[in-house]
Amino acid sequence: MNSTEALSHKIRKEFLEVPFPSHCGLHAAVAKDDWVKDERILREITQRDDYIGKWWDVPKEHLLKCMMALSYLDAAGMEFYLPAYMSAIIESPSDFDEPKVKSSSWQIIHTMLPDEESQELKQYFHDRFSGFWGGKKQVCREFLQYIESCRLYDEHARKIAQEALGHEFWSSNS
């Protein structure tokens, strides 16, 4: 088993039992960017437009189309969709990055970088990652280390991974 397969296996193992966030999926999170706040409408969008099932079966097309959703997912959404993004990035790097040509992996990795600009943004990060501890946090750290050291990813993405790894949030399992 190579390092990509091993990391993919660890991600699946750690996030195996995470349920689908029926209150707000990827497409509903994107709708939040258009100022949709009504929980009923967000649930309707989720039921109508999102893949409902296991996170590892979310179509890659949904992930690529809804990159902006990561900014609007709550803790349940982050815990469900981040492993899907992490797995897709390591299994198909060229779908996200071609160094010196295109890069979108940085958007996913930037989501994992705690924001220290204000207390409110710092709290927002901690709220969204509240379910990430123990093995989940460890495998996220391994993912960031993988990205940081892999030349298949754009330099900007690798630098963000390095910066995230230097943050105290990712330095412990609690």
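The model is predicted, so local features need pLDDT of at least 70, side-chain atom pairs count only at pLDDT 80 or more, and totals for chains, interfaces and linings use all residues. Residues are numbered from 1 along each chain as its sequence is written, and side-chain values use heavy atoms, with hydrogens and water left out.

Let's start with Ala88, which is found in helix H5, residues 75–91 (helices are DSSP runs of H or I with at least four residues, numbered from the N terminus). Ala88 has a relative accessible area of 9%, so Ala88 is buried (under 20% is buried, over 50% exposed, and in between partly exposed, with a 1.4 Å probe and protein chains only). Not counting residues up to four places away in sequence, Ala88 touches Leu63, Pro93 and Phe96; contact means heavy atoms within 4.5 Å.

Next comes Glu116, in the loop between helix H6 (105–111) and helix H7 (119–128). Its relative accessibility is 42%, so Glu116 counts as partly exposed. The side chain of Glu116 makes a polar contact with the side chain of His167, at 2.5 Å. A polar contact is a pair of N or O atoms within 3.5 Å; within protein, one must be able to donate a hydrogen and the other to accept it, and residues adjacent in sequence count only if both atoms are side-chain atoms.

Finally, visit Arg128 in helix H7. Polar atoms of the Arg128 side chain lie 2.6 Å from the backbone oxygen of Leu70 and 3.0 Å from the backbone oxygen of Leu73.

How values were computed: Helix = DSSP H or I, 4+ residues; strand = E, 2+ residues; numbered from the N terminus.
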